[in-house]
Protein chains: 2
Amino acid sequence: METSEPKNEIFPKGEPLSNEYFTGNAFLTPLLGKDKNNEFAIGSVTFEAGARTHWHTHPRGQVLIVTDGEGFYQEKGEPAQVLKKGDVVNIPEDVEHWHGASANKYFVHIAITNYKGEQNVVWLQPVTGEEYNSVK
Amino acid sequence: METSEPKNEIFPKGEPLSNEYFTGNAFLTPLLGKDKNNEFAIGSVTFEAGARTHWHTHPRGQVLIVTDGEGFYQEKGEPAQVLKKGDVVNIPEDVEHWHGASANKYFVHIAITNYKGEQNVVWLQPVTGEEYNSVK
């Protein structure tokens, strides 16, 4: 599909993310690691159409900055939010959620993931086809 | 000039930044403020060709993510570093530096500016024409 691959992207697509935590094809380019000033890691995540994270939480939250494409952010029990280029999501701590591409278009975001001690994510169960299809 | 304005930008250009701290025309779109999880502010800064910050320091550092155009980052007493789309700069705490556009092209970056208490920047003197012309 003409809309299935990003054009003029800012970062390389990166390396494939594990299907242990992602459904479909998602890729990561790490941009910055946690250090003495930055209590977060930064990466650019590219989701192919239909790809998404599993449900998960962040012990100290995460900020998403959408740089290209179209996707969704959904907190458990809430309607999904459509995301487009330029949108920013401030994900609270310990809230179960997922994010990923729309069914027909890729999705690219920068993720700034805060650490609580040495931990920045808790992975949970996959987003089922039924759950995904109800919002796409 | 055909290269003097960004195309297909992610964020709006934003509001003009004060000439008390910037030389030339620079603009800010705030993306996120400091809160209980995020000990930083995030904004997208657009510099017109030739525009730059004054010399300044950050008490707990800053991360720049270049999203478009071409510019410079220079630490006092060091050669300037050319920056292009996709580059990331991890600016240390308390290091005097400036950033801004090249002489012939706009420059756009996301800035993630860490706070030390309630402070995230200390502004200093302007980058003189002589200093700027020596690197452009």
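Trainee: How many residues of chain A are in contact with residues of chain B?

Mentor: Contact means heavy atoms within 4.5 Å. By that rule, 28 residues of chain A touch 28 residues of chain B. This is a predicted model, in which local features need pLDDT of at least 70 and side-chain atom pairs count only at pLDDT 80 or more, while totals for chains, interfaces and linings use all residues. Residues are numbered from 1 along each chain as its sequence is written, chains are lettered from A in the order in which they are written, and side-chain values use heavy atoms, with hydrogens and water left out.

Trainee: What area is buried between chain A and chain B?

Mentor: The size of an interface is often given as the accessible area lost when the parts come together. Here buried area is taken with a 1.4 Å probe and summed over both parts. The value is about 2300 Å², with carbon and sulfur atoms giving 52%. A:Ile10, A:Asn37 and A:Lys85 supply 24% of what chain A buries against chain B, more than any other three residues.

Trainee: How many salt bridges cross the interface of chain A and chain B?

Mentor: A salt bridge needs a side-chain nitrogen of Lys or Arg within 4 Å of a carboxyl oxygen of Asp or Glu. The rule finds 4 across this interface. In one salt bridge, A:Arg60 meets B:Glu39 at 2.9 Å, N to O.

Trainee: Which residues line the largest cavity?

Mentor: A cavity is a set of points on a 1 Å grid over the protein atoms alone where a 1.4 Å probe fits but cannot get out; lining residues have an atom within 4 Å of a point. Points are joined across faces, edges and corners, and volume is the space filled by probe spheres set on them. The search of the whole structure finds 1 cavity of 30 Å³ or more, and the largest holds about 40 Å³. Its lining comprises A:Asn37, A:Glu39, A:Phe40, A:Arg60, A:Asn114, B:Glu39, B:Phe40, B:Arg60 and B:Asn114.

Trainee: How many salt bridges are there over all chains?

Mentor: The count is 16. A:Lys76 and A:Glu131 form a salt bridge at 3.8 Å, N to O. A:Lys76 lies in the loop between β7 and β8 (81-84) of chain A and A:Glu131 in helix α1 (residues 129-133) of chain A, so the pair ties together parts 55 residues apart in sequence. Helices (H or I, at least four residues) and strands (E, at least two) are DSSP runs, numbered from the N terminus.

Definitions and conventions
1 Å grid on protein atoms, 1.4 Å probe; cavity = no way out; pocket = protein on both sides within 12 Å on 5 of 7 lines; lining within 4 Å. Buried area = accessible area lost by both parts, 1.4 Å probe.
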